[in-house]
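Please consult the sequence and structure shown here while reading.

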Amino acid sequence: MWKRFALRKIEAFERQFGYDARYMKELLKTSPSAFLKLSRLQAISAFRRGVPLEAWYAAKLVGALAEDCGPCAQLVVDMARTHGVPLEGLKAVAEGRESDMADEVRLAFRYARAAVSREPTDELRFEVVQRWGPEGHVSLALALFSGRVYPILKYALGHGQSCSRLRFDDASRTVVVHAHAEPRARMS
C-alpha cells in the first residue's frame, strides 16, 4: 500500500516539474528499503534556516551543476521559480557572473564553489557563519550536498542524460552547462 502511495507522489512530482524520475521508480521497485532510506533525504534537502532563499538555491544549484548538466540542474531552477526566487541571480550563478549577483548570492556561490572545487573554505566559512550564523552555515552545506546527491544517484543507476540548456523565464537566453566545467552563457 505505501509503495502505491510513494509511486503516486513520484508521479505527481514528475508532472509538477516536468522531470523524469524513472530512477526513483526503479529504486522503489528494486529495493523498497533503499527507497525508504533515501526518502529521508527529503527533509535534509529542504533544511533552510537563517539563509535567504536565493542564496540557499544558489548553493543548491552549484551542487547540481557539479554533478549534472541537464535535468537535475533544471529541476533546481524550476523549484526556485515555484518558491518565487528571482531567477536573474540564479542565471548569474549558472553563468559564473559574480558581478551580477547580489552580495548574499555571491557569498553562497563562492562558498559552494570553493567546497565543490576542494579549495580552502576557511575564510568563506567564517564569513558565512558571521552573516547567517552556524545554522545558516549548515543550511548552505546541506543545500550544496543535496544538490549533488540526486544527480550522482541518477547517473549511477543508468538514468543520466546528456547535457542540456538551462531554461529560465527569458526564453531568448539560455545557459549551456557541462558538468565539471565552467558554465558559460549562450544566446539562442
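The protein has nine helices and three strands, where helices (H or I, at least four residues) and strands (E, at least two) are DSSP runs numbered from the N terminus. This is a predicted model, in which local features need pLDDT of at least 70, side-chain atom pairs count only at pLDDT 80 or more, and totals for chains, interfaces and linings use all residues. Residues are numbered from 1 along each chain as its sequence is written, and side-chain values use heavy atoms, with hydrogens and water left out.

**Overall composition**
- From the N terminus on, the order of elements is α-α-α-α-α-α-α-α-α-β-β-β.
- Of the 188 residues in the protein, 45% are buried; buried means under 20% relative accessible area, exposed over 50%, and partly exposed in between (1.4 Å probe, protein chains only).

**Helices H1 and H2**
- The axes of helix H1 (residues 2–17) and helix H2 (residues 22–30) come within 10 Å and cross at roughly 175 degrees; axes are lines fitted to C-alpha atoms, for helices over the stretch in contact, and angles run from 0 to 180 degrees between N-to-C directions.
- H1 and H2 are therefore roughly antiparallel to each other, a label for angles over 145 degrees.
- On the H1 side the contact (heavy atoms within 4.5 Å) is made by Trp2, Lys3, Ala6, Leu7, Ile10, Glu11 and Glu14, and on the H2 side by Arg22, Met24, Lys25 and Leu28.

- Helix H7 (residues 87–95) is largely enclosed by the rest of the structure, because eight of its nine residues are buried.
- Among the buried residues of H7 are Lys91 and Glu95.
- Arginine 118 has a positive phi of about 60 degrees although it is not a glycine.
- Arginine 118 lies in the loop between helix H8 (103–116) and helix H9 (122–156), and counts as exposed at 66% relative accessibility.

**Aromatic rings**
- The structure holds four aromatic pairs; rings of Phe, Tyr and Trp (its six-membered ring) pair if their centres lie within 6.5 Å, and planes under 30 degrees apart count as stacked, over 60 as edge-to-face and the rest as tilted.
- Phenylalanine 13 and phenylalanine 17 form a tilted pair, 5.1 Å centre to centre with 55 degrees between the planes.
- Phenylalanine 13 is partly exposed at 27% relative accessibility, whereas phenylalanine 17 is buried at 12%.
- Phenylalanine 13 and tyrosine 19 form an edge-to-face pair, 6.0 Å centre to centre with 85 degrees between the planes.
- Ring pairs link Phe13, Phe17, Tyr19 and Tyr23 into a cluster.

Technical notes: Parallel < 35°, antiparallel > 145°, perpendicular 65-115°, else oblique.
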